[in-house]
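Look at the sequence and the 3D structure below before reading on.

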Amino acid sequence: MMIDRAALLRERGIQVTAQRLAVLRAVAGQPHITADAVADVVRTEIGAISLQSVYDALGLLVAEKLIRRIQPSGSPARFEDRVGDNHHHLICRTCGRVVDVDCPTGAAPCLTAADDSGYEIDEAEVAYWGRCPDCLEQSRSTSPGDRRTAARPRQRRKSHAQVPTKSSPNSKRMPRSNNRPGRRSSRG
């Protein structure tokens, strides 16, 4: 289905510009795209555009509900053109991949809170966190020893003799003794 994005902007009373149309096409072409990625796509399509212009266009399109902004924890904001329905997102903890998932209970039950505290609720965000199939497969094919090494190299512990000690004028150094707790003295 071909969407006339210019007509969509005009219906909302938004001035049609090459930048706004390119931003809409970029978001439609790559769901859950970041602003930086939108800027890259738009630049390849129409040439120079400032990141601020991209942010301005995205902000306007979000305000007019032509696109939706989501911001998973620990991730930059992402934009999608799937608006007007009650869908949620699956987010991979490993690679950050985001995919849409339909609400399991219908059109708008998520908008009915157990206690709305007097709020008029018009939107609910649900994010399911886990690992995507690709990351799961990769973790299964990696042996346990490889995962430890890849995650963080092991650090060697310093022996007691290597640890430098600081002495201050007020500290008294105790003579070294073999009489440590748990050890028997060899003195008779």
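Angles under 35 degrees count as roughly parallel, over 145 as roughly antiparallel, 65 to 115 as roughly perpendicular, and the rest as oblique. The axes behind such angles are lines fitted to C-alpha atoms, for helices over the stretch in contact, and the angles run from 0 to 180 degrees between N-to-C directions. This is a predicted model, in which local features need pLDDT of at least 70 and side-chain atom pairs count only at pLDDT 80 or more, while totals for chains, interfaces and linings use all residues. Residues are numbered from 1 along each chain as its sequence is written, and side-chain values use heavy atoms, with hydrogens and water left out.

Begin with the whole chain. Its secondary structure comes to six helices and six strands. Here helices (H or I, at least four residues) and strands (E, at least two) are DSSP runs, numbered from the N terminus. Along the sequence the pattern is α-α-β-α-α-β-β-β-β-β-α-α. Of the 188 residues in the protein chain, 23% are buried; buried means under 20% relative accessible area, exposed over 50%, and partly exposed in between (1.4 Å probe, protein chains only). The accessible surface of the protein chain is about 14400 Å², and 49% of this belongs to carbon and sulfur atoms. These areas come from the Shrake-Rupley method with a 1.4 Å probe; for residues, only the protein chains shown count as cover.

Now take a pair of helices. Two packed helices are described by the angle between their axes and the distance between the axes. Helix α3 (residues 35-46) packs against α4 at an angle of about 110°, and their axes are 9 Å apart. The two helices, α3 and α4, are therefore roughly perpendicular to each other. On the α3 side the contact (heavy atoms within 4.5 Å) is made by Ala35, Asp36, Val38, Ala39 and Arg43, and on the α4 side by Leu51, Val54, Tyr55 and Leu58. These contact residues of α3 and α4 divide into seven nonpolar, no polar and two charged. In this count, Ala, Val, Leu, Ile, Met, Phe, Trp, Tyr, Cys and Pro are nonpolar, Asp, Glu, Lys and Arg are charged, and the others, Gly among them, are polar.

Next come the sheets. Two strands pair if DSSP finds at least two bridges between them. Three bridges join β2 to strand β3 (residues 78-80) in the antiparallel sense, and Arg69 has Phe79 in β3 as its bridge partner.

An open sheet of three strands also has the order β5-β4-β6, with mixed pairing. Its edge strands, β5 and β6, each pair on one side only. On average, neighbouring strands of this sheet are turned by 25° against each other, direction ignored. Ile91 stands opposite Val98 in β5 and opposite Trp129 in β6. β4 and β5 form a hairpin with five residues between them, and Gly96 in the turn has a positive phi of about 85°. Five of the six residues of strand β4 (residues 87-92) are buried, so β4 is largely enclosed by the rest of the structure.

Phi is also of interest in two other residues. Most residues other than glycine have a negative phi, and most peptide bonds are trans. His32, which is not a glycine, has a positive phi near 70°, and Lys65, also not a glycine, has a positive phi of about 60°. His32 lies in the loop between α2 (18-29) and β1 (33-34), and Lys65 in the loop between α4 (51-63) and β2 (68-70). Which is buried and which is exposed? His32 is buried, at a relative accessible area of 7%, while Lys65 is exposed, at 61%.

Finally, Asp81 lies in the loop between β3 and β4. Its relative accessibility of 34% makes Asp81 partly exposed. Asp81 and His32 are 49 residues apart in sequence, and their C-alpha atoms are 8.6 Å apart in space. Leaving aside neighbours within four places in sequence, Asp81 is in contact with Val27, Ala28, Leu66 and Ile67.
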